[in-house]
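Colleague: I've got this model open on my screen and could use a guided tour. Can we go through it in questions and answers?

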Amino acid sequence: MDGRRRRDLKETFDLGLGFIGFFAVAFVGITLYLEIANKDALASSLTALVLILFEVGLWFLRRSVLNRPEGPDGS
Amino acid sequence: MSSTSVAGPASATAERPVFDELTLAKTRARRRRAAGSAARTAIQAALIVIWCLLPFYWMIVTAFRDVGYTFEANPLPDHVTLNNFATAFDPANNQLGLGLANSLFIGTTVTIIALVVGVFAAYALARLTFPGKGFVMGFVLGASMFPGVALLTPLFGLFTDIGWAGTYQALIIPYISGALPLTVYTLNSFFREMPWELEEAARIDGCTAAQAFRIVILPLAAPAVFTTAILAFIASWNEYLLASVLHSNQTQTVTTVIGQFTGSQPHQVPYTATMAAGVVVTVPLIILVLIFQRRIVAGLTAGGVKG
């Protein structure tokens, strides 16, 4: 994997992490508010959980892809 | 003495003329195809233009039509009158003048703040190297896609609690959070495509990083900044959802004023006055865009080419 491709890939992963991260933070905030206000928070907490799991999965995928050793043809 | 013939361009031309029948037929066919293609393009463009402009045309025709002929199906202007504009601006019935002033004030404030913050943010994201840059861009992208309707109730509750309900800042602050991602994204793509050499040359000439940005980069980014300003202003000017909930009588924007138009009779919808107000609201935007059309297109396409 050449430098430019690696940089583009890293940028794409970071963009995805930020995008999902925004919604994860938003849903964690909503869940906290609902819990404090003693309202039903099941749906928002489950959504936050799914988003956080997705974020963690994406982070591990990013690490494994970017740390992959280069092949003999540079790919 | 035998005569010798020399094969070459002259003899070849003599044997086979350049414009023989076959070539001429091919040229004619190519021209016919080109003319047909141009005609098809023209027809498609005309259809798209008609499709886009027809509602505006109908709005203008209805705005100038006498109220007694509101539902007339004639597409051409008839029973022309200016009474609808007088009705729309009548302070006894509506607050269109106040709404226009409020929209202008809010739109200008939002545009200025979003640009000042957005230019610096976009420059930093495009030109500086720091960890988590892509993450911040993703965060901005997420913020721009967050549905506004989901924020309506929490914002209303928050602004009521802190005593901001019906104030200008209750509209300006949410509008800025909507305009900022647009500003950052548009300007970021522009700054990324700018050659690094310009900045390096300015630094070599003795500029600090801030001076290089202010003296060299910012003037060159003027078309993109201008485009972004117009887009941010239009977004703020046209916003209805938040304004319909967060306004008061003093801070209502033009979109909410038009939404509250009432007829002279109960349950009567004043279509002609509403259309007249629509014309008043739309025409300044159209004029603005037409005047600065070239700059807008230059700004929109500036960051679109790589390499």
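Colleague: In what order do the elements of chain B run from the N terminus on?

Modeller: First, a caution: this is a predicted model, where local features need pLDDT of at least 70, side-chain atom pairs count only at pLDDT 80 or more, and totals for chains, interfaces and linings use all residues. Residues are numbered from 1 along each chain as its sequence is written, and chains are lettered from A and ligands numbered from 1 in the order in which they are written. Chain B has 14 helices and zero strands (DSSP runs, H or I of at least four residues for helices, E of at least two for strands, numbered from the N terminus). The order is therefore α-α-α-α-α-α-α-α-α-α-α-α-α-α.

Colleague: How are H5(B) and H7(B) oriented to each other?

Modeller: Helix H5 (residues 133–145) and helix H7 (residues 168–193) of chain B pack with their axes 8 Å apart, at an angle of about 135°. Axes here are lines fitted to C-alpha atoms, for helices over the stretch in contact, and angles run from 0 to 180 degrees between N-to-C directions. Under 35 degrees counts as roughly parallel, over 145 as roughly antiparallel, 65 to 115 as roughly perpendicular and the rest as oblique. So H5(B) and H7(B) are oblique.

Colleague: Which residues of H7(B) make the contact with H5(B)?

Modeller: Contact means C-beta atoms, placed from the backbone, within 7 Å. On the H5(B) side you'll find B:Val140, B:Leu141, B:Ala143 and B:Ser144. Facing them from H7(B) are B:Pro181, B:Leu182, B:Val184 and B:Tyr185.

Colleague: Which residues touch the most other members of the largest nonpolar core?

Modeller: A nonpolar core is a set of buried Ala, Val, Leu, Ile, Met, Phe, Trp, Tyr and Cys residues joined through C-beta atoms within 7 Å. The largest one has 44 residues, and H7(B) gives the largest share of it, 10 residues. The two that touch the most other members are B:Ala122 and B:Leu187.

Colleague: Is B:Val281 buried or exposed?

Modeller: B:Val281 sits in helix H13 (residues 271–291) of chain B. Because B:Val281 has 20 C-beta neighbours inside 10 Å, it counts as buried.

Colleague: How many residues of chain B are in contact with chain A?

Modeller: Chain A brings 12 residues to this contact. From chain B, the number is 10.

Terms used. Two residues are in contact if their C-beta atoms, placed from the backbone, lie within 7 Å. A residue is buried if 20 or more other C-beta atoms lie within 10 Å of its own, exposed if 12 or fewer, and partly exposed in between; C-beta atoms are placed from the backbone.
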